[in-house]
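Subject: The structure, and what turned up in it

Hi there,

Here is the structure you were waiting for. Have a look at it first, and then read on for what came out of it.

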Amino acid sequence: MASPVAAQAGKLLRALALRSGFLVAGSQAVQLTSRRWLRLQEYQSKRLMSNNGVRVQRFFVADTVNEALEAAKRLNAKEIVLKAQILAGGRGKRVFNSGLKGGVHLTKDPKLAKQMIGYNLVTKQTPKEDVKVNKVMVAEAFDISRETYLAPPGGVDVEEVAASNPELIFKEQIDIFEGIKDSQAQRMAENLGFVGPLKSQAADQLTKLYNLFLKIGATQVEVNPFVVCFDAKINFDDNAEFRQKDIFAMDDKSENEPIENEAAKYDLKYIGLDGNIACFVKGAGLAMATCDIIFLNGGKPANFLDLGGGVKEAQVYQAFTLLTANPKVEAILVNIFGSIVNCAIIANGITKACWELELKVPLLVRLEGTNIQEAQKILNNSGLPITSAIDLEDAAKKAVATVAKK
């Protein structure tokens, strides 16, 4: 059964380890979903590809209508493509609050940018209040005679494609120490239907895409259609940040909720939800489980906050600052399993935050793990009205019951 909060919190939890391999499908897109934190706009992904020898259509990025008009003149193409630059998918089928339908337009009239730049666009993946479009990509348009897709393996669509059209899926296992071999690239190009000179060009592009995939620490490099890229998507492994500082500096946080950006300053992962029970948890999996069990007991979580590793008292304090800033919060549930985290640090952070922030909502705490006896002593001697719980089920029931009394 699907998690009740997967639709919202799932955007944080979608994690897939870096894999060394490609999957190519002749007429179906196979998508690989990765962990959120670093997301680049499409034009940024295309620039990365272009800088690494991957062929992309000619394009410019415009912040104003005049820049869009100038970009169209410089392209001097029969037709252009105007693309709203937002991080959410599904741009082509949605509506601007200017009345313009669709965030992607094949057109000869660059003046359409007047109805795009500065207006909000809503898609299935945008928040309720939509996303303001501050940039459009103005790109050269091409006639596409045949579409092919390239992406690493994974995604829920693989099984469907394999069942309906198994002949369209081809796989190559690549040794990360040896890298992609020319024979493999040639074979994949042939499987995709390229012949003659195009086969060698396709093999060259496959090799460059794979090398880019490893070079930038990506979890996904996807192009559509293959050989000349119109659509581009690159997702990144957060663990590569220390050696990919230039790329991570490109991170566009403008579409995040301000509280998410504030949380990130303290290495906290925060996603706002619609309920009134704040969740303060260590570990994304445990956070999801906490949200779920609150739902199952008749409550609604107000947020998804993951403390992560390397916990310090200051982080705990900042977490409480974020949680108490939400006026909808009527109770706070702390659920920590401190396998490698000293529970006493958590307890000290909790007591400090409660006293200094003058906590006015009920606090329920379930701690397990390293130095738990010392942590419990700190909480018991704090003089604070803290309700303890023996396990997650007990904690959730008490949290829901506390809110229900109000």
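Let me start with Gln41, which is buried, with a relative accessible area of 3%. Here buried means under 20% relative accessible area, exposed means over 50%, and partly exposed is in between, using a 1.4 Å probe and protein chains only. Before going further, please note that this is a predicted model, where local features need pLDDT of at least 70 and side-chain atom pairs count only at pLDDT 80 or more, while totals for chains, interfaces and linings use all residues. Residues are numbered from 1 along each chain as its sequence is written, and side-chain values use heavy atoms, with hydrogens and water left out.

Gln41 sits in the loop that runs between strand E1 (21–25) and helix H2 (42–51). Helices (H or I, at least four residues) and strands (E, at least two) are DSSP runs, numbered from the N terminus. In sequence Gln41 is 191 residues from Ala232, yet their C-alpha atoms are 9.1 Å apart in space. Lys135 is found in the loop between strand E7 (131–132) and strand E8 (136–140), and it is partly exposed, at a relative accessible area of 27%.

Two other pairs are worth a click. Leu305, in strand E15 (residues 303–306), is buried with a relative accessible area of 0%. Leu305 and Leu268 lie 37 residues apart in sequence and 6.9 Å apart in space, C-alpha to C-alpha.

**The second largest pocket**

Which residues lie nearest the centre of the second largest pocket? They are Val81, Leu106, Ala141, Phe142 and Phe230, out of a lining of 20 residues. The pocket has a volume of about 440 Å³. For the terms: on a 1 Å grid over the protein atoms alone, a pocket is an open set of points where a 1.4 Å probe fits, with protein on both sides within 12 Å along at least five of seven lines, and lining residues have an atom within 4 Å of a point. Grid points are joined across faces, edges and corners, and the volume is the space filled by probe spheres set on the points.

Strand E3 (80–84) and strand E5 (104–107) each supply at least two residues of this lining, and E5 gives the most, with three. By class, the lining has nine nonpolar, three polar and eight charged residues. In that count Ala, Val, Leu, Ile, Met, Phe, Trp, Tyr, Cys and Pro are nonpolar, Asp, Glu, Lys and Arg are charged, and the others, Gly among them, are polar. At least three lining residues come from each of domain 1 (33–56 + 144–256) and domain 2 (58–140); the domain bounds come from an automatic or database domain assignment.

**Aromatic rings**

Rings of Phe, Tyr and Trp (its six-membered ring) pair if their centres lie within 6.5 Å; planes under 30 degrees apart count as stacked, over 60 as edge-to-face and the rest as tilted. By this rule there are three aromatic pairs. In one of them, the rings of Tyr210 and Phe213 have centres 6.4 Å apart and planes at 40°, so this pair is tilted. Tyr210 and Phe213 are three residues apart in helix H6 (residues 197–215), which is about one helical turn, and both are buried.

Phe280 and Phe320 have ring centres 5.7 Å apart and planes at 85°, so they are edge-to-face. Phe280 lies in strand E14 (residues 277–281) and Phe320 in helix H10 (residues 313–324), so the pair ties together parts 40 residues apart in sequence. Phe280 and Phe320 are both buried.

Most residues other than glycine have a negative phi. Asn76, not a glycine, has a positive phi of about 50°; it lies in the loop between helix H3 (65–75) and E3 and is exposed, with a relative accessible area of 67%. Glu358 also has a positive phi of about 50° without being a glycine. Glu358 is in the loop between helix H11 (343–356) and strand E17 (363–369), and is exposed at 55% relative accessible area.

Happy browsing!
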